[in-house]
Amino acid sequence: MMASSKLQKETTSMAVYKHLYHLIITGAFQPGEWIRERQLKEILGVSSTPIREALKMLVQERLLESVPHHGVRIKHLSMNEIEDIYELRAELEGLAAQLAAKRGSMSQFDQMDELLHLTERRLEETSGIQDSEFLKFNNEFHDLLIEISGNHALKNTLAHLRAGIDLIRIMAWKNNKSRPYETVKQHRLIVYALKARDPQLARLRTQEHIWDSIKLVLQAGKEPNDRVIEITST
């Protein structure tokens, strides 16, 4: 497990949760690795209560799994689970894009454009943008798309999928360092469709982008010694 700077004693369970979430999705733990409360107390410098509450939240989000009489460990995602998540995500975000093309304003689409420009500048400024930083830019883009759709039920449903999606994204990027550049290109095609006020094209471009991402993950699952996540059959 990666070392980490100590958190302040008054850290809340949510802060502990966010810290652990970040460590998990950036590959700080091996697949199947046990997460011990005592270790976390030493690393984070906090009491048992916020750690236990944070671990419960991570189990609920299915980043961790609880094994009776043993504790909690990093969850293994099966191929079927990954496909299930992305089938649902493709349909939901495709619908979000379709609605956004109808309901969004040009100023909102320009905001997405500005985010892409900022992302491109960061990619140009550094020879190796951190996965966690690009994840932030990527999530902001998708969050904007969903927000512009104006459908709150859709937004809430996708929020429940976020943990699994983030972990799968990191896996894809770990195995393909050119992926951030391809992602930005695909995001631009989505924005183009939105600005053209073409709901069907916006839906298509979004779904193509999502299914292109999952191809990398499924391919990575066939490769040996993958550090971030282990894909097993169910």
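An open sheet of three strands has the order β1-β3-β2, with antiparallel pairing. Pairing requires at least two bridges between two strands in DSSP. Strands (E, at least two residues) and helices (H or I, at least four) are DSSP runs, numbered from the N terminus. β1 (34-35) and β2 (64-67) are the edge strands, each pairing on one side only. The model is predicted: local features need pLDDT of at least 70 and side-chain atom pairs count only at pLDDT 80 or more, whereas totals for chains, interfaces and linings use all residues. Residues are numbered from 1 along each chain as its sequence is written, and side-chain values use heavy atoms, with hydrogens and water left out.

Two bridges join β1 to β3 (residues 71-74), and these strands run antiparallel. Trp34 has Arg73 as its bridge partner in β3. Ile35 is partnered by Val72. On the β2 side, four bridges pair β2 with β3, again in the antiparallel sense. Here Glu65 stands opposite Arg73. β2 and β3 form a hairpin with three residues between them. His69, in the turn, has a positive phi of about 70°.

Helix α3 (residues 48-60) lies across β1, β2 and β3. The helix runs at about 105° to β2, with axes fitted to C-alpha atoms, for helices over the stretch in contact, and angles from 0 to 180 degrees between N-to-C directions.

The largest nonpolar core has 42 residues. Such a core is a set of buried Ala, Val, Leu, Ile, Met, Phe, Trp, Tyr and Cys residues joined through side-chain atoms within 4.5 Å. Buried means under 20% relative accessible area (1.4 Å probe, protein chains only). Leu20, Ile35, Leu55, Leu58, Leu63, Leu64 and Ile168 touch the most other members. Elements that each supply at least two residues of this core include α1 (13-25), α3, β3 and α7 (152-174). Leaving aside neighbours within four places in sequence, Leu58 is in contact (heavy atoms within 4.5 Å) with Tyr17, Leu20, Tyr21, Ile24, Leu63 and Leu64. A second, separate core of 20 residues includes Ala97, Leu123, Leu144 and Leu145.

The chain has nine helices and five strands. Of its 234 residues, 49% are buried. Among contacts with a separation of 6 or more, 80% join residues 24 or more positions apart. The accessible surface comes to about 12,000 Å² (Shrake-Rupley method, 1.4 Å probe). Carbon and sulfur atoms hold 51% of that surface.

Conventions:
Buried < 20%, exposed > 50% of the residue type's maximum accessible area, 1.4 Å probe, protein only.
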